[in-house]
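Let's take a quick tour of a protein model, one topic at a time. Have the picture open while you read.

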Amino acid sequence: MKSYTIDSLLSARISADYPDRPGVLRDVELEIAPGEIVGLVGESGSGKSTLATALLRLLESRGGKTRGELRFQGRNLLELSNREMRRVRGREIGLVLQSPLSALNPAMRIGHQILESWRAHREGSPDLLQLLEMVNLPPEAAFLERYPRQLSVGQAQRVLIAMAIVHRPALLIADESTSALDVVTQAEILNLFSSLNRQMGMAVLYISHDLLSVGSFCHKISILQHGRMVESNSSEEIFRNPQHPYTQALLAAIPRLPTFPRTTNCHRVAVPA
Amino acid sequence: MPRWITRTARQLASLAATVLLGGLLTATLVRTSPGFDSDERQLDPRLDAASRALIQEEHGANRDVVRFYVRHMRAMFHGDFGVSLSLQSPIGALIRARLPVTAELMGVGLAAGWILAFTLALAAVWSPAWSKIAGLLSAGARSVPSAALAVLVFVVRGPMHVVIALVLFPRLFDYFRNLLSDAYSQPHILTARAKGLHPGGILCRHVLPVCAPQLLALAGVSASMAFGAAIPVETLGDLPGIGQLAWKAALSRDLPLLVTLTMLITLLTQVCNTASDWWRS
Amino acid sequence: MQYGVGLVEVMRRLATVLAIAFMAVMLAASFLGGSSYSAQHREFIDAAPSFQFPLGTDDLGRDRLVRLLHATRISLLFAGAASLGATLVAALLGGIAGYAGGWFDRILVRVIDLLLALPSLFLLLATRAMMPLNASPISTLLVTYALMSLMGWLSPARVIRAGVRNSRDSEYVLQARAEGCTERRILLRHILPNLRPIMVAQFWTSIPVFILTEASLGFLGLSASEPFPTWGSLMRELQNPLLAPVEAFAPIAAIALSVSCFKLINPWRGSQA
């Protein structure tokens, strides 16, 4: 393992297994500096979501096992007790999942759910309206009274982000947070991540299958294939100078603007008058 | 307001229909089975001709199902359940005397069974080790007939309520475990965990509210199972309850008593069903 | 994790072996001397286990082991027959209801719900007890299992109805209809083959239910009358468990073993079908 500086926010080298699927993650190395936005790209089944849950040690609740080393702010998270780990979750590392409408409890009002995120670690209540404003949601008390089914997908995603940043965590893990959104809403959410990163100095680990969206706002990109990290570099280097054949294949698969086909080989059919 | 009334009315109507059907079905089955008309007491040489004629007449009165049934229903509305032929005492009094014993057996057994099944199901979902242990216990309790469980508990001189709990436990456990396992794999539970919430808080605020209706759906079914198990339990333990009464009635082929008991049990289980349906909606 | 998977497999194999051993016992019973299960050895009443009587004799001087072997044959065969009958009735009624829908379906669902609400053991007691004392033993045996079969078709019918409905409304049937297949062909080629595994599963899981129900009936003295030995009627000895010798508990072990076998083998069969 490379010797990381003390400044590193998160440095990990982990392997993970499920009982029926060994080797979901194999010696995956990840390093995130404070305030850095790191993108993690891989296809379905590459182990991206497993990595997100493994970093928060939530894999055990799904029957999996995490091995290796996981240093966050100088502490090895794999050695913490359950109670200590619970204090890390939500307060120092936040998680935003995809499909926001199922990641919210359908029977609880969203104001209540955000409050619950706060109360998990602190007393009292936060400034909810200011929080709503930070994530570009209407800062009204009436909005807090709504149920998840009364929100649009984009709004629900923002609520999830609000719940995750309520304690100003040092790291935010966004697991396919924009995969369920249309292109325009996706761009808005990515802008939101960028602005939160600038305002709060919060590091972001952005996990996605879409290399293009990742490249647009991440400082550093890591590529995951079949549970292994195959390449990790700055965004510019990845796009200009991809080293690994898989990275090159990903880049080649990015759709470009369509080139309109020329009709030289097609015989014009005479249309009867 | 009207919708609430019509819904309750509909549930009560189906309740009444079930009970009536139960009684009618039993009477019909009894009527069409062989040996309905005969009674070995008629062969008893110790009885004189007058007594034998009386027995013959008693059975003759029971022969017409409709007449018997109508007579029976009319009597019931007046609080008279008829007289038990074999035990020579009013059925209503018999039931009233024996109901508390069965109620206590059922109550404790049902409560213990539910608590045991739910606790183990939760443990099974939280920990794979407990999942295996509880699974084995459940499989073990399931493969032994309720009569055998009663015998085994009796031999070690344990309380008979345990038998009811053990009979209910495997079926309830399987259902609860599936239910809880589904509930815990929902994405919003992962979010709750990622927030760092306490497991107890997650259980009370996120899992139970979602599961509660489906949990309650088993109320009537478990009551029905418990009553079924009561018969061998009370017979073996010599507990003077409804189950033992049913067994005695079956042995002495006492038609009025059996019909009444069947209707009573059906009524009780249907009340449970209706109550849980009403609470769920 | 690998070890855990292996253990389950080993247990499955063991269960299969036990099941086969059971079948062998069944056959052996028929060669161990025809009606000796009713033979009363008056010099050996309530005898302790010995070489001549490995499980001792009961209070009428009958060999317990011979009775247990014959009871195995009778209980297993009749439970199988009752299960077959119940499954066929369930398949017929549930199948028609699921396929045709309409008024038949509505009425059947109502009837099943109402009948299922009745306490089964009470009904069994009532109807079984109404048989006169001078009924022949064979008729009591037949009637007992016929009654259980008549009450046992209700739950399988619901499952089969659901299965047929699923098939009927499925994409592959839609595809077949779009291709212009006749209803008869759809029924024979698409719906019935998918019904088969459900029926096999219901048949297999009903057998242990009938074994257990007959056991409870027999304990109460209301199963097949003397001298026919069934597992349940052998349990009549246990009505005074404190007075019964240990050998009298053998039927319980036999029941537990057979039911466990049926439960363990089932999933294996399911993967084969």
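In chain C, 68% of the contacts with a separation of 6 or more join residues 24 or more positions apart; two residues are in contact if their C-beta atoms, placed from the backbone, lie within 7 Å. Keep in mind that this is a predicted model, where local features need pLDDT of at least 70, side-chain atom pairs count only at pLDDT 80 or more, and totals for chains, interfaces and linings use all residues. Residues are numbered from 1 along each chain as its sequence is written, while chains are lettered from A and ligands numbered from 1 in the order in which they are written.

**Chain C overall**
- Chain C has ten helices and zero strands (DSSP runs numbered from the N terminus: helices are H or I with at least four residues, strands are E with at least two).
- Its C-alpha atoms fill a box of roughly 80 × 55 × 35 Å along the principal axes.
- Of the 273 residues in chain C, 41% are buried, meaning that 20 or more other C-beta atoms lie within 10 Å of a residue's own, with C-beta atoms placed from the backbone (12 or fewer is exposed, in between is partly exposed).

**Helix α2 of chain C**
- How far apart are the end C-alpha atoms of α2(C) (residues 64–100)? They are 52 Å apart, which agrees with the 54 Å that its 37 residues should span at 1.5 Å a residue (1.5 Å times one less than the number of residues).
- α2(C) is mostly covered, with 26 of its 37 residues buried.
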